Amino acid sequence: MSRAIYPGSFDPVTLGHLDIIKRSSEIFDEVIIGVLNNTSKSPLFSLEERVNMLNEVVSDIPNVKAVSFDGLLVEFAKENDIKVIVRGLRAVTDFEYELQMAQSNRKIAPDIDTLFLTTNIEYAYLSSSIVKEFASYGVDVNELVPELVALELKKKMGIDK
């Protein structure tokens, strides 16, 4: 059985993330969305909220589930017998960072590969940071994130619209 992990902070999950998740689910028998507890960031949503939102928005994709992890990604992958890391690329700037990470991971875990998927052009500009900034100013983000996430953003930011 082929298994892959799609790691990230997903604060919050966007339609761009969901595009990569859906496409990955068609390539692999099982896809784990690894929600990172990144201590260098101050997330808007708690780790538990992010995992719950992800599991809700992927509930119609039977071979996908979200789980949290901390520590090194390759160690989590080894512990879960995962041989492929999926990463989405929006632009060349993403590629430079992701290539360096893939090469570093390969150095310490030679049996784990990284698969890059380019995002759908419709979402090439999209990031969680942009979504949070827009939402903080009351901009409607329904075309950027799943409906559940848009509702949760409004609640978190105290927006009644």
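## The end of helix α6

Helices and strands here are DSSP runs numbered from the N terminus, with helices (H or I) of at least four residues and strands (E) of at least two.

A word on the model before going on. It is a predicted one, in which local features need pLDDT of at least 70 and side-chain atom pairs count only at pLDDT 80 or more, while totals for chains, interfaces and linings use all residues. Residues are numbered from 1 along each chain as its sequence is written, and side-chain values use heavy atoms, with hydrogens and water left out.

Which residues of α6 are buried? Val149, Ala150 and Leu153 are, where buried means under 20% relative accessible area, exposed means over 50%, and partly exposed is in between (1.4 Å probe, protein chains only). The arc is that of the directions from the helix axis to the C-beta atoms.

What do the buried residues of α6 pack against? They pack against α2 and α5, with contact meaning heavy atoms within 4.5 Å. Turn to the face of α6 pointing away from its buried side, and you'll find the exposed residues Glu147 and Lys155.

## Where α2 meets α6

Two packed helices are described by the angle between their axes and the distance between the axes. For helix α2 (residues 47–57) and helix α6 (residues 147–157), the axes come within 10 Å and cross at roughly 150°. Axes are lines fitted to C-alpha atoms, for helices over the stretch in contact, and angles run from 0 to 180 degrees between N-to-C directions. That makes α2 roughly antiparallel to α6. As for the wording, angles under 35 degrees count as roughly parallel, over 145 as roughly antiparallel, 65 to 115 as roughly perpendicular, and the rest as oblique.

Who does the touching? On the α2 side, the contact is made by Glu49, Met53, Glu56 and Val57, and on the α6 side by Leu148, Val149, Glu152 and Lys156. Sort the residues in this contact by class and you get 4 nonpolar, no polar and 4 charged. Here Ala, Val, Leu, Ile, Met, Phe, Trp, Tyr, Cys and Pro count as nonpolar, Asp, Glu, Lys and Arg as charged, and the others, Gly among them, as polar.

## The buried side of α2

Now for α2 itself: its buried residues are Arg50, Val51, Met53, Leu54 and Val57. They cover an arc of only 165° around the axis, which puts them on the same side of α2. Their packing partners are α1, β2 (30–36), β3 (64–69) and α6.

## Salt bridges

How many salt bridges does the structure hold? There are 10, each one a side-chain nitrogen of Lys or Arg within 4 Å of a carboxyl oxygen of Asp or Glu. Take Lys132 and Asp11, whose closest N and O atoms are 3.0 Å apart. Lys132 lies in helix α5 (residues 128–136) and Asp11 in the loop between β1 (3–8) and α1 (15–27), so this pair ties together parts that are 121 residues apart in sequence. Asp11 is buried, at 4% relative accessible area.

Lys78 and Glu75 also form a salt bridge, with 3.7 Å between the closest N and O atoms. They are 3 residues apart in helix α3 (residues 73–79), so about one helical turn separates them. Lys78 is partly exposed at 39%, and Glu75 is partly exposed at 34%. Then there's the salt bridge between Asp113 and Arg106, at 2.9 Å from N to O.

Most residues other than glycine have a negative phi, and most peptide bonds are trans. The loop between β1 and α1 holds Phe10, a non-glycine residue with a positive phi near 50°. Phe10 is buried, at 3% relative accessibility. A cis peptide bond joins Asp11 and Pro12, with omega about 0°, and Pro12 lies in the loop between β1 and α1 too.

Is Asp81 buried or exposed? Asp81 counts as exposed, at 51% relative accessibility. It is found in the loop between α3 and β4 (84–89), and its phi is positive, near 55°.
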